[in-house]
Each structure stands twice: as C-alpha cells, then as structure tokens.
Amino acid sequence: MENYIVEMLNITKEFPGIIANDNITLNLKKGEVHALLGENGAGKSTLMSVLFGLYQAEKGEIRKNGQVVKINNPNDANALGIGMVHQHFKLVEIFTVLENIILGVEPNKLGFLQKSEAKEKVMALSEKYGLSINPDALIEDISVGMQQRVEILKMLYRDNEILIFDEPTAVLTPQEIKELLKIMRGFAEEGKSILFITHKLNEIMEVADRCTVLRKGKYIGTVNVKESNKEELSKMMVGRDVNFNVDKKPAEIKDVVLSVKGVTVPSKHHKNNAVKDVSFEVRAGEIVCLAGIEGNGQTEFVAALTGLDKMSAGTITLSGKDITKSSIRERSVSGMSHIPEDRHKHGLVLEYSLEQNMVLQRYWQPEFQKNGFIKFDAVRKYAEGLIERFDVRSGQGPISVVRSMSGGNQQKAIIAREIDKKHDLLVAVQPTRGLDVGAIEYIHKQLVERRDAGKGVLLVSLELDEVMNVSDRILVMYEGEIVGELDPKNTTVQELGLYMSGAKRNTAKEINHAG
Amino acid sequence: MQDKQTQTPKKGFDLKQLTKSRGFSAFTAALLAIALGLIFGFIVMILANPDKAISGFRYVLVGGLGRFGDVLYFATPIMMTGLAVGFAFRMGLFNIGASGQYTMGMFFALYVGFMWDLPNGIHWIVAIFAGMLGGMLWGIIPGLFKAFLNVNEVITSIMFNYIGMYLVDMIIQGNGVIYIASKSRTNYLPSTVQIPSLGITGSNVNLGIIFAIIIAIALFIVLERTTFGYELKATGFNKYAADYAGMKGKRNIVLTMVIAGGLAGMGGAFAILAPSAIAGSSMTYEPINIIAANGFNGIAVALLGSSNPIGIIFSATFISHIQRGGTLANLVGYKPEIIDIVIAVIIYFSAFAMIMNAAIGRFIKARINKRHQKTEKEAK
Amino acid sequence: MDTIYYLIQNMLPVAIPLLLVALGGMFSERSGVINIGLEGIMLFGAFFGALFVFTIQGAGINAQLVLLMGMVVAALAGFVYSLLLSFAAVTMKADQTITGTSLNMLIPAAVLLFSKMFFNSDGITTNMGFFIRKMPVLGDIPVLGPMFFQKTYLTVIIGFVILIISVIIFYKTKFGLRLRACGEHPQAADSVGINVYFMRYAGVSLSGILGGIGGFFYSVGILDGNINGHSGVAGFGFLALAVMIFGQWKPIRIMFAALFFAFLRTLAYSIALIPFLNDLGINQTYYKMLPYVATMVVLAFTSKKSRAPKAEGIPYDKAKR
C-alpha cells in the first residue's frame, strides 16, 4: 500500500435523473500532478466538487492521510488544506484583487478588516511564485489570465497543499497555458499535490504524473502517464477509437454571401471597442472559421452580425443586400440562420414544447398562421417532419417540454430549425460546446453538408481541433481584431496558437488581399 | 415509437398533455395558499375576540353564499385588475400599478358620465371605453419607461399609483359638477351612464360581470391561440430567446402594458358605473388620498388564478366571496379588514406555495414508499 | 435666512426616515434580496413604536428617553416582521417582489383591524411631545445651531449616527465585505465558505431593523408621534427604494439622495410660507406629487447606467452552480 494524501473511495453522487458519479475511486499521492480526464459530462467537476465540499456524496468515503474525513462545505475542505480553482472563476467583479483573495478568511481585529496585514502576505506570495498582480485593481478591469492568478493566490493565501484546477486552460492562450503548467509543476516539486481536470491530452502528456479517466460517470482506470500515450488515453476517455478527422470533399467556392466591412462594436465592460474594424467575406460553398481565445470579441461580433446588438461603425452585406441597419427578423428573412452560442439563453424557450420551439423563427409566416391565429395542425406536421429527419429524440415527441430534453437533442432541434429555414448563410457559434463525441460528429457532418449544398458557413469556435478539421479558411480574432487568415491545410496548431495569443499577425494589407 | 403514435393528439398544441401536471399543481398550490390564509385569518380572529371567533369565521367562509349577486358584483372590478396583473405577468412584467390604472379608468368614466351629455344606451358604453382609455394611458407610461429607459416597471408603477391618485383627487375636488364638497364625495351619476343591472333583487350585479367574463375568455384565446400570445409568453419565459427570434420586445412590452392598463381601467369604470339598488343614487368616490385597494387585490386574484384568465374568473369570485363574508363578520364585531389580512397572507403563501406543494408531495410519496417497503417485508 | 433655517429644520426630520429606510434597503439588496416590503415594515415599526409610547406616556418618563425606548421597540418589531421576508425569499426561494407586496398589504389591514377593535379609531394617537425647541450648548452655535440643533427632533442626530455606523459596517468590517459579496456573486461567497443564507438573513434583518426605526421616526418627525392605518407612511418605503437606487446602493450617496427628496417634499408642504412660490398660485397637490414625479425623472436619467447588485432578486440555490 502506498501512502496517499487523499483517497476518494467508491464515491457515488446522484442528481435527479442522472448518476453523475458512479462508484468512483481516486487516489492522490503527495507531490504529484494527477490529471482527471474525461469528456464533458463525464463527472469530473462533480467529483471535485464532492472533494471540495460543494456537494455531498451519497455513498463512499474520503480519507486524508489515511483518516476518514467529512467534508460538508468549503470551510471543511479549506481546513484540510484543499483549495480549488473553478472553471468559472468565483470572483466578485466589483471587489479588488486583495478583497477577493482574503474573502472568507479575512484577517480582522474584532471584526474590523486588517487589509495592510493581508496585503503584505499576498505580495510575499506573489513574489515567491512569480504571480505578479496589482492588489488594488478591480477584478472587472483585469484580464482573464490575471484573474486566474488571483484564483491561484486565493489557494496559496489559505496555505492549501492540495490544489484542484478545474479546466484551467480553456480560457488561456497557448503561451499562458505553458506558463501555468510550469507553475503547476513548481507546486508539485515543492510538495503540494495537484489535481488537474482537463480533456486536453497534450497538457496531460506534458505535465501530469498519473491520470485517472472517467467516462459517463464511471471510473475507467488510472495510468502512469509515462507508460501510456495519447491514443490509449483517448480510447479510455471515449470508449472507442476517435476519428479526429472530418471527411469532406474539397470546397467548391462560389459567390460572396456575406461581406463585412469595418465593423466596430463598443464593449459593455470597458471603454475600448470589443470589436475593431473587422472586415472579411464568406463565400457560398465554404466554411470560414472565426477562431480565437474566449473573450476576444467573437461574442460581440456575432451579436452585431445577427442584430442582437448595435455596432458603432461598419457595414454588413448579405447576398448583395445591405443589412447593416436591419432588424433581427429582417436579417433572418434575408437568409441568415443562427445557431447561437448559448442554446439555453438564446436558442430555446425551455418551457415551450418541442414543436413550439421548432417554429420559433417562423411562427409568423403564412404557413403557420392566419390572421394572427396559429395553425396548430401545420405546426405539428412541420415539427414531426423535422423530428424525423434530424432524429431529435425526446420523451413525448412534438409535445415534449424542451427543458426535459438532453443537451444534444436540444442542440439538434436548433440545428434542424435553422437549417430547414431558408438561408444562404449559417452562423454557427460553438455549436458543439458541451456535447458528447457522437453529437459532435453529427453536427460537424451537418455543417459540411450545408457547405456542400452551396451555403456559406461562418463557424465560431474555441476548439482547436474543430477549427483545424472542419473549416476551409481560418480567421483569427485577437483583442477584437482579425490578426490572421490561415489555410488549415498549410498551417499547424502551433502556428494557430501564436496568432490566437497575439504573438504573430499578418499585416492588414495581406488580409484584405486574401479576403 | 408506439407510445408516440397512441399519444399523438389530433389537434393543436394540446396544452392539456403538456400542462396537465403543471396546471394541476398550480391548482393545489392555490388551494394550499387559501387554506393557510384562512387559518391565519382564523388565528387573528381568535386573538382579537376568542368568543366570537367561530361564528365570525363561519360568516367568512359561507356568508357570501346567500348573496351570490353581491359576490359577482364585487368580483367584477377585481376580476379586471386581476386580469391586468395576470396578463402582464405572462409577459414577465409585474404590474403593481393596477391601482393607478384602475383609479384613472374610474376617473375617465366619471368625467364622461358627468361632463358629456349622451343619449341613454350609449352613454354608459362610451364611459366604459373612456375608462379603458384612462387605464391605458396609465399603463403605457411604465411600459415606455421599461422598454426605452430600462426602468424597472415595479418602481414606476408604484410612483404612478401615487401620482395618479393625487392627480385624480385634485381634479375631482376642483370640479363643481363632479364633486360635492360638503359631503366630500362625488355627486350621483346620471342614470344614463349606469351599466344596466342584471335585475337580481337587492344586488347591484350588472352587465359588467358578463363583460369581464367575456374579456377573460377573449384573453385566454389571445394567449393560447394567437401569434401575439405566443410572443408574449415566449418573452415572459425567456426574453433573450424572444429577441433572438426577432420578436419586437419593446413593442410587446408597451403593448402588454397598454392592454393591462386598459383592463384595470375598465375595472375602475365597471366599479363606478355600477347601478345602485337604491333608486336615484349611484356609486360615488371619495377623494381622500388613498390608493385603490382593488388594484392590489388584483395581485392576489392573479396569483391564485396562476395568471390564467380562466383561473382568474374563479379566483376573483372566490376573493369576492370571502370579502362578502368579511363584511358580514362585522355582525359579530369583526372589522372587514380581516379579509385584507387573509388576502395578504394568501399572496404571501402563493409566492412559494408551488415549492411547498412539491415538498409535501415528495413527503407523502416517501411515506407511501416506506409503507410499501414495510408491507413487502412483512409479506416475506 | 429664516426661510432657509425653516426649510432645513423641517427637511431633516423628513430626510432621516428616508435615509434610514434606504440604508435598510441597501443592506438587504447588497446581500441579494430585493425588499419591496419596506413600506409595510415601516408601518409595522411605527405602529409598535407608537403603541409603546401610548402605553408609557402617562408614566412621566423624559420624552427623549421614551423616544429612545420606542426606537428599540420599533427596531425589534421591524426585525421580527422582516423575518417573514427572509423566510420566504431565502429559505423558500419565493419571488421576492410578490412576497414584499404581500407584506405591504398585510400591515395596514392589521393596524386598522386592531385600532378599530381596541381604540375605536384608525390608528394610535399619542400625546407625548418629542419636539426639541433648542438643544443645550449645541443649539447656541451660530448658523449651525439653528440649522441642526433648534426646532428639531432627537431623530436627526440618531439618524446621522446610524449613517456613520452603517458606513463603517459596510466598508470596514469582515461582515460588510461578506454581505456585499453575497449580493454580487453568491457562488463565489459560498465557495470560500461564507454562509450565503445566513448573510442574506442578516441583510434583510438589518433592513427590518432600520425600516422599523425609520417608520417610528416618520411617525415622530412627521406625524407628531401618531400613526394611522389608512394613510400609513404615505409611500415613504417606496420613496426610500427610489432614494436607494438614486444613491446607487452606496451609503453616502444615499444620504445626499435622501436630503434631495426631503427637500422637495418640505418645499411642497411649505408653499404657503415661500412668497415667490405661493404667488404662482399652483395647486398644492402638484407639489405633493413632486417627490414621486422627481423619482421618475431621476430614474429615467440614472437607470441606464445604474448598477444594481448583480445577484439581487435571484434566490440562491446551493444545488445549482
């Protein structure tokens, strides 16, 4: 028996309807970087939340240094030296860096805050680990990478020795990722133990000592990373060989469908523009991918393109028609279909039935209404047709409440609706986010099929694999600007990363020329 | 697949299938809130006067039954304010301004009643429409504030309740035709402007209740059958998705508030234009700077009816019923305010009755399961 | 000069209830709970304060001491009543606006019921004189004396003391930091071991205490220590919410907003004394509407850039992350 600092034995955690963790065991050695690998929804975050005291497991036990412990809340976890950097940062935006670090463990005299004392300790830690920060800056004013440092300092400030990182690299540039992995390695060498949640194999190969794999809430196995390889890990993760490549014919590029010129969008968070002078074209029969790290203006650009938000300058032309000032409805009618980034926020009315959602863009057309009264028969028939063609599965067919459907089928419903609607341009924003491999393959196939049907496709994606495999042309967005245009056939992920992190850029002239 | 075929209903969205459980739980939740409200009212009655509590409470519960005409008469205005609140609720707006809209509607109706000379048979109809217009005016303002300036409709509505109340009281007091200063109330309205009575002896019940019910049914059809209803509910459920689908959010907010205001305004008109059982008199209004209670009672009505127009017909009748009972409890010394307390408590519990309902349901289920397990074990 | 003294002397007793109740609203909303029930809480506090004064007024105790005791009673009453909101909004995760509305409706009815049954009137009438003609020493200071320490109530001094304490609690203590975190990002607070439910109960309870005191001070400073179920506190609870929004949920700004609104109201009720305005011959009711209209104007201009606590109005559910 080896000496483990943390043992999670036979953990089972259920939520209404699903077993998120089914009898999972994970052992963490002191001073190791232990990766937790799995697809979205495999139960990684749930397992870590159990360890951190955010959830209580129904079955199983947790041991620290061999002693059984009860972790009922984050305070208990903290007392045991367990800290966590959450995937979505848990920072109060209107507080300063310092206030966020000390929140919950405030040094105080009789309840009065002792900030100068706290500041000294924070600055000492910041220096020791090379995590430079400005303690008096507000969180809302600093970059995402900087915010992550604050999260790490939060753990260090609490003298945590077991550090959980939940998908820490998703929001970072390749260069920042490198930096972070180095820091994690440094922690491990100092004797701290690291749990590193990810689904990126490269990062595991680079930094982890051991790796535990979960799939659909079940424990698959633990391997020594040095004795394994990417292929084995990925097979464990998805349960079969994955075809990373998307089958597609060479693109047959035709006329310009979308032309964007000088689009500028003001930011809602700061005084600068979120999108700066963006120009490009999308032609019929090609998939153009707008790539970039999260938060570089893609969301704002799409909002302006689809009419959800106003832009301050520029023009948009769709199939030869100027739609710069058109309403959302007019753009939709002019031939723009939109698979939105957040399907729960924008794409669906979750309380409505599937058939009601299927006509969300079209309920007002003569096909579905007469004198303002909805033609229920027509809606039903139409919905049934789409459900069959796109294989949308649900409990009660057209009358299922969409909230009760799985994420993959919800996304299929949106795709069915947007594809079946008359369109020349399909704007697909992170269409595979949070879905399992099967659904991802299906969606990629649909995108390629649209392309081959002679439509223009604008894909906005954060996933490098998706960017490289699906698109015919890549535009890289960095800090609100298009900094590069790349051909996926003649480029590498590394090069793409350099563009995405702003380390490299084509000159504006070159881009215009290419566009 | 077989399932799907047997279940495929013939017509329409068939909300029955969809909301069967939802509608049912809304109903039981309403019952739960009512029960708790009445129990609380009973406790207050015991505290106030233990000797008479039981006879007083009996009046509250069943007193209204003997005076069904009156129940319907008093149900009319709160049915309208209930619809005004409930309709806006479906859009996700909390129209706490039904009071001001109601007062404005009442004033417009009064004004037409006194200041316009119109033939019998037309006068009261014009006055009702005037009332609707007045309410619309007071409804459109919070709507515009919300749609174009992003000001929360709750705070606007409250402010306009006060502004409307002061304004109406001031204008009435300044008008010698409408106002009798010596009696500090409005004059009797001419009979031409009074809504025809339904002719139930000893009761003021009039055509107003029929109109209110017809309006409720019409609203039900609008909500469930039309594209406007589809947009309105979609916005109420998820305004981002409504935007995404190209619905005109701002227009719909303003339109909804105009309709809601019109409904409350008609409620005010129905109330003031009701015929009096005593010949030669009419309903009157006292401008004493008090916010109209019927507006707030509309909130209770809407919540109990879970914002469904058909449900509101029943909830308004019920609230009116216990209000009549409360008035009768005066016979044994209780003040009618006891019913206002009961209504407030009902609203309080309505706000989380659904959650409570679910909790009780789970509890009962667990008990039954336990018993089952027990009997199974025993059987072995 | 006399007119200015007069306006300030009359404005402050009006400003203090607004200030205290708006501070209460601030504590509640910054913890994440919208408290629209402040109107009811004020009346509840005022009723119990007045009831206390009514029962003790014959005992010959110093009036200012009675005021202090009445304040404690009103604070307790407000605290207890606010628990109804905390329970519904925090524990039961109910709609906060609806719950607050029901609290507003309950109290006038209850006050009327009990006053009618036990006093045979619509409220409570007391005969205690809380008015201070001139405070010793302080009242003799030139200029400031007549402004702040003559023809006034003890409530004014207490009100400013409470403001200072509120500022310190809000910005300088561990409690204040945690409270603000709960209204902004409760998940973050939870993840560092702060009990969000407890902090929200605390925020609402503070609003209950301040609302109760504010209600009692309204009764003392505006209604001569009386209270009436019909007119209640005349929408002051709602105005306080507007003051809070105008003050951007920050204590010092709230103070200025409260002074602004109180000034408008005092002006409205002093028309007869200001020759220039009196000569215009505008109906007094217009001036009475002024605070409400001003609220609308102010909100119309500020709301686009106003920044409410991010998590306010959203019940916190541990199970949902």
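Guide: The bounds of a domain, as the word is used here, come from an automatic or database domain assignment. Please keep in mind as well that the structure above is a predicted model.

Visitor: What distance separates the centres of domain 1 and domain 2 of chain A, taken over C-alpha atoms?
Guide: Chain A is divided into domain 1, which covers 4-238, and domain 2, which is made of two stretches, 256-335 and 422-514. Taken over C-alpha atoms, the centres of domain 1 of chain A and domain 2 of chain A are separated by 33 Å.

Visitor: How many residues of domain 2 of chain A are in contact with domain 1 of chain A?
Guide: The contact has two sides, and domain 1 of chain A brings 10 residues to it. Those residues on the side of domain 1 of chain A divide into 4 nonpolar, 4 polar and 2 charged.

Visitor: Which element of chain A has the lowest mean pLDDT?
Guide: For chain A the mean pLDDT is 89, and 96% of its residues reach 70 or more. Among the elements of chain A, the highest mean, 96, belongs to helix α3 (residues 97-102) of chain A. Over residues 508-515 of chain A, however, pLDDT stays under 50, and for this stretch the model has 9 contacts beyond four places in sequence. The element of chain A with the lowest mean pLDDT, 45, is helix α18 (residues 508-514).

Visitor: Over which residues of chain B does pLDDT stay under 50?
Guide: The mean pLDDT of chain B is 86, and 89% of its residues reach 70 or more. Where pLDDT is low, the predicted coordinates should not be read in detail. The stretch of chain B where pLDDT stays under 50, for which the model has 17 contacts beyond four places in sequence, is residues 1-20.

Visitor: Why is one side of β18 and of β24 of chain A left without a neighbour in the sheet?
Guide: The order of the 6 strands in this open sheet of chain A is β18-β21-β22-β15-β23-β24, with mixed pairing. Because β18 (336-339) and β24 (481-486) of chain A stand at the edges, each has a single partner strand.

Visitor: Which residue is the bridge partner of A:Val288 in β22(A)?
Guide: Strand β15 (residues 287-291) of chain A and strand β22 (residues 456-461) of chain A pair in the parallel sense, over 5 bridges. In β22(A), the partner of A:Val288 is A:Leu458.

Visitor: At about what angle does helix α14 of chain A run to β18(A)?
Guide: Helix α9 (residues 298-306) of chain A lies across β15, β18, β21, β22 and β23 of chain A, and runs at about 150 degrees to β21(A). Helix α14 (residues 407-420) of chain A lies across β18 and β21 of chain A, and the angle it makes with β18(A) is about 175 degrees.

Visitor: Which residue takes a positive phi in the hairpin of β11(A) and β12(A)?
Guide: Strand β11 (residues 210-215) of chain A is joined in the parallel sense to strand β3 (residues 33-37) of chain A by 4 bridges. With strand β12 (residues 218-224) of chain A, β11(A) runs antiparallel over 6 bridges, and A:Cys211 stands opposite A:Val223 in β12(A). The hairpin of β11(A) and β12(A) has 2 residues between the strands, and the residue with a positive phi, near 45 degrees, is A:Lys216.

Visitor: Which element gives the most to the side of chain B that touches chain C?
Guide: This contact takes 35 residues from chain B and 37 residues from chain C. On the side of chain B, α6, α7 (153-173), α12 (293-304) and α14 (337-379) each supply at least two residues. By class, the side of chain B that touches chain C has 29 nonpolar, 3 polar and 3 charged residues. The element that gives the most to it, with 12 residues, is α14(B).

Visitor: In which hand does α6(B) pass α11(B)?
Guide: The axes of helix α6 (residues 123-149) of chain B and helix α11 (residues 249-272) of chain B come within 6 Å and cross at roughly 145 degrees. The crossing in which α6(B) passes α11(B) is right-handed.

Key:
Residues numbered from 1 in each chain as written. Chains lettered and ligands numbered in written order. Predicted model: local features only at pLDDT ≥ 70, side-chain atom pairs only at ≥ 80, totals over all residues. Axes fitted to C-alpha atoms, helices over the stretch in contact; angles between N-to-C directions. Left-handed = near helix turned anticlockwise from the far one by under 90°. Contact = placed C-beta atoms within 7 Å. Nonpolar A, V, L, I, M, F, W, Y, C, P; charged D, E, K, R; others polar. pLDDT = per-residue confidence, 0-100. Pairing = 2+ DSSP bridges.
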